[in-house]
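Please read them with the structure open.

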Amino acid sequence: MPPPDGPLPPTEVRRPSDDERAGRRVLRNVNVVDVRAGVVRDRQDVLIADGRIQRVGKRLEATESVDLAGRYVMPSLIDLHVHPGVMVGLRMDANGQSPERVEHDLQVWLRYGVTTVQSMGLDRPFVFDSAFSGARLLSVGNGFGVEDGVPPVSMQPPLGPLRITDRAEIRHSLQRLVERGASGVKIWYDDWYRQMPKMATDVARTIIEISRELGLRSQAHVYYVDDAQSLLQAGLDVLAHMPRDRIVDQTFIKAMRASNAVVIPTITVPESNVAYEARPDWLSDPLLERFLPPGAREYLASKELAEAIRAKPEFPELWPDLERAKRNTALLYEAGARVAFGTDSGVSNRIIGFAEHRELEHLVNLGVTPADALRMATLINAEVLGLSDDVGSIEAGRRADLVVLRNNPLESISHTRTIESVWQDGVQVAGAL
Ligand SMILES: [Zn+2]
């Protein structure tokens, strides 16, 4: 059974005019989710002008008003680790990334309440020169890998990672990233269960070192706890996945706490690597298929896919990987390390939009409070991206990027799925999911 790739359901995202964006309006009587304080403020008015929140309070006036009595409004979600435009439906086609595909995926994120995403590598240069509708896109460009290593060799420049080792060449490529406005640099530092060569430590250190000098945030795909530790020592800023070859020890926890680095757990990664082997119960969730082609559920529940997973040489490690990723996330969270939010959605059967809500649920199931889970996906992610004055909270001065919910997400994190509308720059751009 080939993975279904079409036809894709329409995203139905609105493109507001400049006039609409410049308008002044008030959202009335809405319960505001204050992610900073971790509380809901009942029956507030949110005054918006020029796409930004002007004030949150009582009895605020504007000629245009929307009554949201009984509803909840939270800042929209930010995902620090995604890949737009490399899957068509459930078919992987990284080399076919195009502006149309990227925009489609960005619109799907928007429908699920995700309005800012960082693409973690595999991007063609056009992403830096294009204005897309949908979620706001930040990108690290190609990313850096190693000859014949992860991600798979079929992805080559201009799409795949740069596999260079020469210091001058590395510096030149990093300078290009800065010029293009990249949100950081991505390194793949992994041997994929000892099946592939890993980037030389010197090369990784060189990339991190020069990135720091140029003011580029360095972010690495890592699997081994020891690798994570050595890259942190070299000055790495972001662990793009939870290391999970073993349970983290006090040395690692201390290293995380001592650095200003963040880790993005991406529990959805080890989960999607193995879960379809056992027909997960969430396959019947209507939100899963909302923007997937016909046959998607059948494909994900198919015996063929289950067998393909079981046939992988790394299969014996995959279920333990999931458990270790959860445990390590819980340990780091409890110890007060900086934990950010991301899913790696858009590749390897990680469903765009659905994965973000699933990740929030994972976090809460392993002991993170709903308020902290939302904080990771809003405030902390905004901080990591250097966009704290711009997004991540419902406060004066921030962009009015909002999600209106039917139910209180602090009461149950699954209520983030009860989306009634999504707002971007103060204008409603999407309706109910
Ligand atoms: Zn990724």
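The points below cover peptide bonds, phi angles and a helix pair in this predicted model.

1. Start with the cis peptide bonds. Gly 6 and Pro 7 are joined by one, with omega about -10 degrees. Pro 7 sits in the segment before helix H1 (18-22).

2. Val 150 and Pro 151 are also joined by a cis peptide bond; here omega is about -15 degrees. Look for Pro 151 in the loop between strand S10 (136-139) and helix H4 (167-180).

3. Next, phi. Asn 29 is not a glycine, yet its phi is positive, near 55 degrees. This residue belongs to strand S1 (residues 24-34). Asn 29 has 17 other C-beta atoms within 10 Å, so it counts as partly exposed.

4. Asp 50 has a positive phi too, near 55 degrees, and is likewise a residue other than glycine. Its place is the loop between strand S2 (39-49) and strand S3 (52-57). With 13 other C-beta atoms within 10 Å, Asp 50 is partly exposed.

5. Why flag these points? Most peptide bonds are trans, and most residues other than glycine have a negative phi.

6. Now the helix pair. Helix H5 (residues 201-214) and helix H6 (residues 225-234) have axes that come within 9 Å and cross at roughly 40 degrees. H5 is therefore oblique to H6. The crossing is right-handed.

7. Which residues make the contact of H5 with H6? H5 supplies Thr 201, Ala 204, Arg 205, Ile 208 and Glu 209. H6 supplies Ser 230, Leu 231 and Ala 234. By type, the contact residues divide into 4 nonpolar, 2 polar and 2 charged.

Methods. Residues numbered from 1 in each chain as written. Predicted model: local features only at pLDDT ≥ 70, side-chain atom pairs only at ≥ 80, totals over all residues. Axes fitted to C-alpha atoms, helices over the stretch in contact; angles between N-to-C directions. Helix = DSSP H or I, 4+ residues; strand = E, 2+ residues; numbered from the N terminus. Parallel < 35°, antiparallel > 145°, perpendicular 65-115°, else oblique. Left-handed = near helix turned anticlockwise from the far one by under 90°. Contact = placed C-beta atoms within 7 Å. Nonpolar A, V, L, I, M, F, W, Y, C, P; charged D, E, K, R; others polar. Buried ≥ 20, exposed ≤ 12 C-beta atoms within 10 Å, placed from the backbone.
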